[in-house]
Amino acid sequence: MASNPAESSALRVPGFRIFLITFLLAMMADNIEHVISYWVAFQKFHSPALGGFAVVSHWLPFLMFSVPVGALNDRFDSRRLIQAGMVLFITASAGWGYFFVTDSLQVWHAMVLLTIHGCAGVLWGTSSQMLLYDIVGPAHLPSAVRLNATARYLGFLVGPGVGSLVMRMFGPTWGIFVNTLFYLPLLFWLVRAPYGRHFRGAAPGPKRAVRGFADIVQTIRDVRGIPVVAGMVVLAGAASFFIGNSYHAQMPGFAHDLGHGDPGLTYTLLLGADAAGALLAGILLETRGNWLPTAPASAMKLAFLWGCSLLTFSLMNSYAAAICVLFLAGFLELSFSSMTQAIVQLNAPDTIRGRVLGLFSMSASGLRAFSGVTVGLLGSLTNPHVSLALSALAFVTVAGLLLLRRSRQGGLA
């Protein structure tokens with residue numbers, strides 16, 4: 001399934017260009033809110049437990065609600081579900097602003113707002129992937145997924161800087177209110193955007209009730225009958241469970257051991273190296289995508305190499321070499337993660353596409369809640385280098401076994 005950029009770039013689709021810009025603004029706002037709210041909460045409470053809850057509340061909704069939200073997408077308008085997510089994001093930002101203005105923020109207030117933010121993320125994320133297929137169609141889908149992933153990394157990269165600038169210009173109180181404006185373009189564009197299942201005349205999904213855990217079990221059974229989708233779900237889940245992005249939280253320790261633990265440019269470079277690699281991957285794969293086919297074996301090989309790169313990083317004692325390895329890790333991560341998403345999208349049955357995408361989202365995002373244990377807790381018992389090395393080794397083993405199994409089945413393409 002090779003990608004020819006001249007024929008399949010999603011940027012040729014006008015609706016996708018608007019979606020991409022508004023998605024980027026919303027992703028940036030998501031990260032701006034993290035910068036401002038985390039800073040104020042830390043200044044007020046100095047609570048590591050609240051910081052831990054922030055991570056759990058961000059990923060646990062993906063684990064619990066991704067499949068039910070996918071089921072809703074099979075029956076209802078994805079545009080409205082995304083808008084509901086935007087409303088929840090705005091509610092969370094405005095809620096922070098209210099408590100900042102009144103100086104009445106308590107720990108339980110912060111926990112409620114963080115939970116609202118997490119639920120907004122799962123509504124937005126799963127439904128956006130569903131709508132993406134309707135905007136660009138199968139021919140442009142690999143490009144669209146890749147560009148969407150690139151926008152997500154760009155939001156991660158730009159959001160904290162913009163958040164710091166907003167805080168300096170407006171202060172945290174008014175800055176959090178200003179942040180709500182970045183969600184509005186996507187919210188308003190979706191009011192009349194001519195995309196969705198009913199616009200392309202697709203049959204609606206089965207009208208069965210959304211049953212939570214029962215839906216998850218049934219979707220797993222459905223996916224087991226589609227080996228290519230099942231393999232991608234397992235691959236993405238293993239990456240999230242064993243590694244995720246938990247090593248980012250351990251970066252101060254790595255930076256210290258590499259001789260650059262003080263805040264400054266050298267530490268910032270270490271933090272941004274993998275994001276920069278991901279951005280380069282997005283650009284090169286979009287402009288030179290024909291050299292890397294969108295195929296299960298390609299995704300597995302790239303994932304295997306990603307695990308190897310993080311295993312190598314965990315053992316490094318050279319700052320310059322660590323920067324290069326993290327840059328490579330970012331390149332490989334975007335490449336394989338966007339490829340797995342595209343493969344699942346292209347092979348999901350249309351009548352249960354939402355549930356299948358929800359299962360993939362549960363695996364690829366929800367299981368990140370456990371990577372804090374595999375890397376973080378294990379790191380507290382040993383050290384971050386050992387915990388990341390063991391976690392990366394476990395993932396490399398899974399990716400290698402998946403690749404070996406596919407090879408034995410004669411499915412290297």
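**Entry 1: the whole chain**

I began with contacts (heavy atoms within 4.5 Å). Among those in the chain with a separation of 6 or more, 86% are between residues 24 or more positions apart. I was working on a predicted model, where local features need pLDDT of at least 70, side-chain atom pairs count only at pLDDT 80 or more, and totals for chains, interfaces and linings use all residues. Residues are numbered from 1 along each chain as its sequence is written, and side-chain values use heavy atoms, with hydrogens and water left out.

For secondary structure I used DSSP runs numbered from the N terminus, with helices as H or I of at least four residues and strands as E of at least two. The chain came out with 16 helices and zero strands.

For accessibility I took buried as under 20% relative accessible area, exposed as over 50%, and partly exposed as in between, with a 1.4 Å probe and protein chains only. By that count, 55% of the 413 residues are buried.

**Entry 2: two helices by length**

I set the expected span of a helix at 1.5 Å times one less than its number of residues. Helix α16 covers residues 384-408, and its 25 residues should span 36 Å; the end C-alpha atoms are 36 Å apart, so the two agree. Its buried residues are P384, H385, S387, L388, A389, S391, A392, F395, V396, A399, L402 and L403. I kept a reminder beside that list: an α-helix has 3.6 residues a turn, so residues three or four places apart point the same way.

Helix α14 (residues 353-366) has 14 residues and reaches 18 Å from first C-alpha to last, close to the 20 Å expected. Is α14 enclosed or open? I found 14 of its 14 residues buried, so the rest of the structure largely encloses α14.

**Entry 3: the cavity**

Next I ran a 1 Å grid over the protein atoms alone: a cavity is a set of points where a 1.4 Å probe fits but cannot get out, a pocket is an open set with protein on both sides within 12 Å along at least five of seven lines, and lining residues have an atom within 4 Å of a point. Grid points are joined across faces, edges and corners, and a volume is the space filled by probe spheres set on the points.

How many cavities of 30 Å³ or more does the whole structure hold? I found one, and the largest cavity has about 70 Å³ of space. Its lining is made of P142, R146, L285, L292, T294, S335, S338, M339 and A342. Helices α5 (107-179) and α13 (319-347) are the elements that give two or more residues to that lining, and α13 has the largest share, with four.

I sorted residues by class, with Ala, Val, Leu, Ile, Met, Phe, Trp, Tyr, Cys and Pro as nonpolar, Asp, Glu, Lys and Arg as charged, and the others, Gly among them, as polar. The cavity lining has five nonpolar, three polar and one charged residues.

**Entry 4: the second largest pocket**

This pocket holds about 280 Å³ of space. It has 13 lining residues, and P227, A230, G231, R405 and Q409 are the closest to its centre. Two or more lining residues come from each of α8 (227-242), α12 (296-314) and α16. Helix α8 gives the most, with six. By class I counted eight nonpolar, two polar and three charged residues in the lining.

I then picked A238, which lies in α8 and is buried at 9% relative accessibility. Leaving aside neighbours within four places in sequence, A238 is in contact with I243, F395 and V398. A238 and V398 are 160 residues apart in sequence, yet 7.2 Å apart C-alpha to C-alpha.

**Entry 5: two residues of α5**

S127 sits in α5 and is buried, at 0% relative accessible area. I noted a polar contact (N or O atoms within 3.5 Å, one able to donate a hydrogen and the other to accept it, with residues adjacent in sequence counted only if both atoms are side-chain atoms). The side chains of S127 and N73 make one at 3.0 Å.

L147 is also found in α5 and is buried, at 11%. Beyond four places in sequence, L147 is in contact with A10, L11, F16, L20 and E286.
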